[in-house]
Amino acid sequence: MLGLTGYGVMPLVLGDLKPDYVDLVQALGGQVVRNGPGRAKINILDPGEANAAAARLTGQAQIEVLADPHQRRLEMVVALSNIWRKRPPESISVQILDRALHVLDDTADRNPVLGDLLKVIQDGPESDRAVAVDRGDKNRYQEITRDIEVDLVGFTSGAAFGDMFSGHTTTPLHLDRPAVIDVSSLGEAQADVKAAALLSCWSYGFGAVNIANALADSGLEPQRRYFIVMDELWQALRAGEGMVDRVDALTRLNRQKGVGQVMISHTMSDLAALPELAALPELDQKKARGFVERSGMVILGALPEDEMPRLSGAIKLARAEQDLLTSWTTPTSWGSSADMEASPPPGRGKFLIKVGGRPGIPLNVALTSVEQGLHNTNKRWNLGRRPA
C-alpha cells in the first residue's frame, strides 16, 4: 500500500476488522470511515454517486453506470440472506427481489433503504406478483414471499446484523485520497455479522470505484488508479454454503480497469473451511481455490507442512520452495523480549513471490523507523509491558 502510494496509486482498505490499516491511512492523509453497530452505517441499497454520475454521462456509459449498482444491490441483499440462512435463497426469491429493486428505482424520490424494499415486497406490485406466479391469489403471493419478508424484517429490525444496514449511508467514501473502512468495533461479534460487514464494504467500495472510472473514461474526472485490499477473506467464505459465489460475483462485477486487488487469507485451509466449522461443499472449495489459481501474483509467508499439498494443488511449487516456506515456521528459542527483538522469529518479514510457473522470488521486508510505528498490529501487547 505504502509503496504503491508513492507511484500515485490510491489504496482502499474495504473492511478492517482489527484494525491493521488505520494508522497507515491516517499517516497518508486519508479518510477513515468507522462502521459497525452503533456507529456509521452502510446502506446496501445506496447507489452511491451513480445517479449523479449518470446525469453527467450519455449513451452506453450512462446505461452501464446505472446497471452496475442495481446488480450490486441485488447481490448484497441475496448475500445477507445467504449468510442469515446458511444457504443460498431460492431462485424465485432472487427474481422477486430483482423486480422489487426495479420498482424502487422507478418510484423512489430518494435513495431507498432496506425498509423501503420490505414495503415494496409487502405491497405486492404487479411485476413481483407476475414473477411469483401467484395466479391472482394474494394469499399465495404472501406465502411465496414469506421468507423474503422474514429476512428483510431481521435486517431492518437489528435482529440479524444489528443496526449496520438499517438506515442511510452515514459517511460516503471520498475516492480522491486513501481510505479505510474500520469495522473493528465488531470485536468478538458473531462470524455472520463480520462476514456481512466485509461483504457490504467490498460491494460499496467496488461500486464507488466503478463510478469513478466511468467518469474518468468520459473525461469528466481525472483517471485515478486504485489498490483495493480485501483482508480476512476467510471470514466471508465460511459464512455458509454459496458464499464463494457471492464473493466471486462482487469481485467480478469490478471492471478491473486501473484497479489492483489483493485478497488476504491465512492458509489454504481457510478456503476449504475446517470440518468443525461445517466444511464447504466440494464445488465451493474448488471455486475458492480458483481465487488463488486466477491470481496474477501469489505472495506466501510462513506455512506449515500440511499446507503444501493444498497449496500445490492451486499453484506450482518446487520442493525447495516448499521447504523454504516451512522453514520460516520454526519458533525462536525461549528468552526475554529483548532477546526476541535481537533474534526475531525466522519467518518475520519473509515472503515468497510466485508469478505463474516461474521460480519464486524470496524477499525480506525491512521496515524503516517511520514504518515500524505504523505497522505495529500488536499494540495491546506493548501496553504496560515490564522492562526486559
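Which residues touch the most other members of the largest nonpolar core? I opened my notebook with that one, keeping in mind that this is a predicted model.

**Entry 1: the cores**

I looked up the largest nonpolar core and found 69 residues in it. Leu-117, Phe-161, Leu-199 and Trp-202 are the ones that touch the most other members. I then checked which element gives the most to this core, and it is helix H10, residues 191-217, with 13 residues.

**Entry 2: the whole chain**

I stepped back to see the chain as a whole. My tally sheet says 19 helices and 8 strands. Of the 388 residues, 45% are buried. I also looked at contacts between residues at least 6 apart in sequence, and 72% of them join residues at least 24 apart.

**Entry 3: helix H6**

Next I went to helix H6, residues 114-123, and listed its buried residues: Leu-114, Leu-117, Leu-118, Val-120 and Ile-121. Where do they sit around the axis of H6? They are on the same side of H6, because they cover an arc of only 160 degrees.

**Entry 4: H5 against its partners**

I reminded myself that two packed helices are described by the angle between their axes and the distance between the axes. For H5 and H6, the angle is about 110 degrees and the axes are 9 Å apart. That angle makes H5 roughly perpendicular to H6, and their crossing is right-handed. On the H5 side I found Ile-96, Leu-97, Ala-100, Leu-101, Val-103 and Leu-104, which meet Asp-116, Leu-117, Val-120 and Ile-121 in H6.

Then I turned to H4 and H5. Their axes come within 10 Å and cross at roughly 135 degrees, so H4 and H5 are oblique to each other. This crossing is right-handed. H4 brings His-70, Arg-73, Leu-74, Val-77 and Val-78 to the contact, while H5 brings Val-94, Leu-97, Asp-98, Leu-101, His-102 and Asp-105.

I then looked for exceptions.

Which peptide bond is cis? I found the one from Lys-18 to Pro-19, with omega near -5 degrees. Pro-19 lies in the loop between strand E1 (9-16) and helix H2 (22-27).

Lys-86 has a positive phi, near 65 degrees, although it is not glycine. I placed Lys-86 in the loop between H4 and H5. Is Lys-86 exposed or partly exposed? At 42% relative accessibility, Lys-86 counts as partly exposed.

Arg-135 also has a positive phi, near 55 degrees. I found Arg-135 in the loop between H7 and H8. With 70% relative accessibility, Arg-135 counts as exposed, since the cut-off for exposed is over 50%.

Terms used:
Residues are numbered from 1 along each chain as its sequence is written. This is a predicted model: local features need pLDDT of at least 70, side-chain atom pairs count only at pLDDT 80 or more; totals for chains, interfaces and linings use all residues. Side-chain values use heavy atoms; hydrogens and water are left out. A nonpolar core is a set of buried Ala, Val, Leu, Ile, Met, Phe, Trp, Tyr and Cys residues joined through side-chain atoms within 4.5 Å. Buried means under 20% relative accessible area, exposed over 50%, partly exposed in between (1.4 Å probe, protein chains only). Helices (H or I, at least four residues) and strands (E, at least two) are DSSP runs, numbered from the N terminus. The arc is that of the directions from the helix axis to the C-beta atoms. Axes are lines fitted to C-alpha atoms, for helices over the stretch in contact, and angles run from 0 to 180 degrees between N-to-C directions. Angles under 35 degrees count as roughly parallel, over 145 as roughly antiparallel, 65 to 115 as roughly perpendicular and the rest as oblique. A crossing is left-handed if the near helix is turned anticlockwise from the far one by less than a right angle, and right-handed if clockwise. Contact means heavy atoms within 4.5 Å.
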